[in-house]
Amino acid sequence: MGEVAKYKQVDAPIEKVYDYWRDFTNFPSFMPNVKQVRALSDDDRLTHWEVEGPAGMSAEWDAEITEDVPNEKIAWRSVEGSKVETNGVVRFDDRDGKTNIEVALDYSPPAGAAGEVVAKLWGD
């Protein structure tokens, strides 16, 4: 299983950062390899992800939110039977009007191919 951890500070209040991140349809605007995220449930806890990786390779999977604490963290995992197994958590930390973001992700791709896509997705 591969692991990725990323840290970033943004110049925005934690409420705005959390709200923007929690709307997964926003991901293509700040993660160019994410082509589309769409909700599969009314509460947006179940989503379908489409991403593009190196050499035009693509991957799709469904994911579910396992924990959602507003303005603190969002945890997720791929649903059983997904071609890409992934789980992770993003944490938000208020820094006087700025927000620290910490993302930790584990993934286990089939035959390594989709892993390149996932690694590229979080590598930038």
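Guide: Before we start, two strands pair if DSSP finds at least two bridges between them. Helices (H or I, at least four residues) and strands (E, at least two) are DSSP runs, numbered from the N terminus. This is a predicted model, where local features need pLDDT of at least 70 and side-chain atom pairs count only at pLDDT 80 or more, while totals for chains, interfaces and linings use all residues. Residues are numbered from 1 along each chain as its sequence is written, and side-chain values use heavy atoms, with hydrogens and water left out.

Visitor: How many bridges pair strand E3 with strand E4?
Guide: Look for E3 at residues 46-52 and E4 at residues 58-69. Val 51 stands opposite Ala 59 in E4. The pairing is antiparallel, and its bridges number 7.

Visitor: Which residue of E5 is the bridge partner of Ala 63?
Guide: E5 covers residues 73-78 and runs antiparallel to E4, joined to it by 6 bridges. Find Ala 63, then step across to E5, and you land on Ser 78.

Visitor: Which residue takes a positive phi in the hairpin of E4 and E5?
Guide: There are 3 residues between these two strands. The one whose phi is positive, near 65 degrees, is Asn 71.

Visitor: Which residues touch the most other members of the largest nonpolar core?
Guide: Such a core is a set of buried Ala, Val, Leu, Ile, Met, Phe, Trp, Tyr and Cys residues joined through side-chain atoms within 4.5 Å. The largest one here holds 26 residues. Those touching the most other members are Trp 21, Phe 24, Phe 27, Trp 49, Ile 74, Val 90 and Phe 92.

Visitor: And which elements give two or more residues to this core?
Guide: In soluble globular proteins, nonpolar side chains tend to be buried together. In this model, the elements giving two or more are helix H1 (14-22) and strands E2 (34-39), E3, E4, E5, E6 (85-95) and E7 (98-108).

Visitor: What is the N to O distance between Arg 22 and Asp 68?
Guide: Their side chains form a salt bridge, which needs a side-chain nitrogen of Lys or Arg within 4 Å of a carboxyl oxygen of Asp or Glu. Arg 22 is buried at 14% relative accessible area, whereas Asp 68 is partly exposed at 23%. The N to O distance is 2.7 Å.

Visitor: Which residues of H1 are buried?
Guide: An α-helix has 3.6 residues a turn, so residues three or four places apart point the same way. On H1, the buried ones are Ile 14, Val 17, Tyr 18, Trp 21 and Arg 22.

Visitor: What arc do they cover around the axis?
Guide: The arc is taken from the directions from the helix axis to the C-beta atoms. These residues sit on the same side of H1, because their arc is only 125 degrees.

Visitor: How many aromatic pairs does a search of the whole structure find?
Guide: Rings of Phe, Tyr and Trp (its six-membered ring) pair if their centres lie within 6.5 Å; planes under 30 degrees apart count as stacked, over 60 as edge-to-face and the rest as tilted. The number found is 10.

Visitor: How far apart are the ring centres of Phe 27 and Trp 49?
Guide: Their planes stand at 90 degrees, so the pair is edge-to-face. Phe 27 is buried at 1% relative accessibility, and Trp 49 is buried at 9%. The ring centres are separated by 5.1 Å.

Methods: Buried means under 20% relative accessible area, exposed over 50%, partly exposed in between (1.4 Å probe, protein chains only).
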